[in-house]
Amino acid sequence: MILNDYLNRWLENNVKLNCKYTTYENYKKVIHEHVENSIGIYKIKQIDTYLIQELLNNMYKNGYSRPTVDLTRNVLSGAFK
C-alpha cells in the first residue's frame, strides 16, 4: 500500500471520527499540499525517518513557516502511531 492510500484511510477512519471537523480539514489540507506529491507515492515500508526529515527540510528551505512544517510532522507522526 502506498502512503497516500494509507493516509486517506487514516483520515476517514480515525481523524474524522475522533477529532473536530476543523482538525480533519487542516490535516487533509496538509496531506494534500505537502505529502501527496512528495513522499505520498512511496510504499509504506519504504518510508523512513530520513525520507520524512528530507520532506520537512525541503519545506523549510522553500519558505514554509515553522508552524506549517511542525503541523506536517505532527500529522505524519499521528498517522504512523
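**Ground rules**

I am working with a predicted model, so I kept in mind that local features need pLDDT of at least 70 and side-chain atom pairs count only at pLDDT 80 or more, while totals for chains, interfaces and linings use all residues. Residues are numbered from 1 along each chain as its sequence is written, and side-chain values use heavy atoms, with hydrogens and water left out.

**Entry 1: helix 2**

I started with helix 2, residues 21-35. Helices here are DSSP runs (H or I, at least four residues), and strands are too (E, at least two), numbered from the N terminus. Helix 2 has 15 residues and reaches 20 Å from its first C-alpha to its last, close to the 21 Å expected at 1.5 Å a residue. The expected span is 1.5 Å times one less than the number of residues.

Next I looked up burial, where buried means under 20% relative accessible area, exposed over 50%, and partly exposed in between (1.4 Å probe, protein chains only). Tyr24, Tyr27, Val30, Ile31, His34 and Val35 are the buried residues of helix 2. Seen down the axis, they fall within an arc of 135°, so they line one face of helix 2. The arc is that of the directions from the helix axis to the C-beta atoms. The face turned away from this buried side carries Tyr21 and Thr22, both exposed. I also checked what the buried residues of helix 2 pack against, and found helix 1, helix 3 and helix 4. Contact here means heavy atoms within 4.5 Å.

**Entry 2: helix 1 against helix 2**

How do helix 1 and helix 2 cross? Their axes come within 10 Å and cross at roughly 175°. Axes are lines fitted to C-alpha atoms, for helices over the stretch in contact, and angles run from 0 to 180 degrees between N-to-C directions. Helix 1 and helix 2 are therefore roughly antiparallel to each other. For the wording, angles under 35 degrees count as roughly parallel, over 145 as roughly antiparallel, 65 to 115 as roughly perpendicular and the rest as oblique.

I noted the residues that meet: Leu3, Asn4, Leu7, Trp10, Leu11, Glu12, Val15 and Lys16 in helix 1, and Tyr24, Tyr27, Lys28, Ile31 and Val35 in helix 2. By class, this contact has 9 nonpolar, 1 polar and 3 charged residues. Ala, Val, Leu, Ile, Met, Phe, Trp, Tyr, Cys and Pro count as nonpolar, Asp, Glu, Lys and Arg as charged, and the others, Gly among them, as polar.

**Entry 3: helix 2 against helix 4**

I then turned to helix 4, residues 66-80, which packs with helix 2 at an angle of about 105°, with their axes 10 Å apart. That makes helix 2 roughly perpendicular to helix 4. Tyr27, Val30, Ile31, His34 and Val35 of helix 2 make the contact with Thr68, Leu71, Thr72, Val75 and Leu76 of helix 4. I found 7 nonpolar and 3 polar residues in the contact of helix 2 with helix 4, and no charged ones.

**Entry 4: helix 4 and threonine 72**

Which residues of helix 4 are buried? They are Val69, Thr72, Val75, Leu76 and Ala79. They cover an arc of only 125° around the axis, which puts them on the same side of helix 4. Their cover includes helix 1 (3-18), helix 2 and helix 3.

I picked out threonine 72, which counts as buried at 0% relative accessibility. Leaving aside its neighbours within four places in sequence, threonine 72 is in contact with Val30, His34, Val35, Leu55, Leu56 and Met59.

**Entry 5: helix 3**

Helix 3 (residues 49-61) has 13 residues, and its reach of 18 Å from first C-alpha to last is close to the 18 Å expected. Leu51, Ile52, Leu55, Leu56 and Met59 are buried in helix 3. They cover an arc of only 135° around the axis, which puts them on the same side of helix 3. On the other side of helix 3 I found Thr49, Tyr50, Tyr60 and Lys61 exposed. The buried residues of helix 3 pack against helix 2 and helix 4. Just after helix 3, I noted that glycine 63 takes a positive phi of about 95°.

Last, I looked up threonine 23, which has its place in helix 2 and counts as partly exposed at 23% relative accessibility. Aspartate 70 lies in helix 4 and is partly exposed too, at 24%. Threonine 23 and aspartate 70 are 47 residues apart in sequence and 14 Å apart in space, C-alpha to C-alpha.
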